[in-house]
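Here are my notes for someone opening this one for the first time. Have the sequence and the model side by side as you read.

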Amino acid sequence: MAYIDFAARHDELSTLAPRHDPLPVETPATQLSALEWSVVAIARNDRLSSLRQPSRISVAMGGLFGSRHNPRLADSKLEALRRMAVLSWHHGYTVPSSALTAFTDAGYTMAQYETLLGSIASARVARKPQA
C-alpha cells in the first residue's frame, strides 16, 4: 500500500498560488454631519411655500415694506438637504421623484436619504399626541 502525504502537497501548492488581497468595498455614506442635522432641525419649522421661488410682486413688496426672512441657504448642497427635509417633514415618505433626483444630484446618497427619513419619521411619531 502506498502513502501519499497530502499535507506537504497542500503547503507546496499554497506557496505557488498567487495571493489576492480582497478589494476594498466602498460603503455608501449613511451619516449626516452635525451641520447637516442642524439644517434638518431648522427645516422642521419651514413652510412648503419656502420651496417656491418668490414672485416679482413678493420681491417688490419686500423691498417696499422691508424684506422678510429668506430661509434659502447659500450652499447649494445644504439647500438641497433643506428642501428634502421640508418635504419630508410635511409629506413623510411621499416626496416627488424630481426632489429625490435633485437631492442625489447634490451629492447625497440614497442611504443618507433613508437615514434622514427614518429620523424625521421617528420625530413625527413622537410629536403626535397620544390618545
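1. A word on terms before anything else: two residues are in contact when they have heavy atoms within 4.5 Å of each other. With that in hand, residues 24 or more positions apart account for 70% of the contacts in the chain with a separation of 6 or more.

2. Some housekeeping. This is a predicted model, where local features need pLDDT of at least 70 and side-chain atom pairs count only at pLDDT 80 or more, while totals for chains, interfaces and linings use all residues. Residues are numbered from 1 along each chain as its sequence is written, and side-chain values use heavy atoms, with hydrogens and water left out.

3. The overall layout is quick to describe: 6 helices and 0 strands, giving the pattern α-α-α-α-α-α along the sequence. Helices here are DSSP runs (H or I, at least four residues) and strands likewise (E, at least two), numbered from the N terminus.

4. How much of the chain is buried?

5. Now look inside. The largest nonpolar core has 20 residues, and V40, L81, M84, F103 and L116 have the most contacts within it. Such a core is a set of buried Ala, Val, Leu, Ile, Met, Phe, Trp, Tyr and Cys residues joined through side-chain atoms within 4.5 Å. The elements giving two or more residues to this core are α2 (34-43), α4 (76-91), α5 (97-105) and α6 (110-127), with α4 giving the most, 7 residues.

6. What does L81 touch? Leaving aside neighbours within four places in sequence, L81 is in contact with E36, V39, V40, F103, Y108 and L116.

7. α4 and α6 deserve a look as a pair. Among the residues that meet are L81, M84 and W89 in α4, and L116, L117 and I120 in α6. Their axes (lines fitted to C-alpha atoms over the stretch in contact, with angles from 0 to 180 degrees between N-to-C directions) are 10 Å apart, at an angle of about 40 degrees.

8. One more residue: A111 lies in helix α6, and counts as buried at 17% relative accessibility. A111 and T30 are 81 residues apart in sequence, yet 4.9 Å apart in space, C-alpha to C-alpha.

Key:
Buried means under 20% relative accessible area, exposed over 50%, partly exposed in between (1.4 Å probe, protein chains only).
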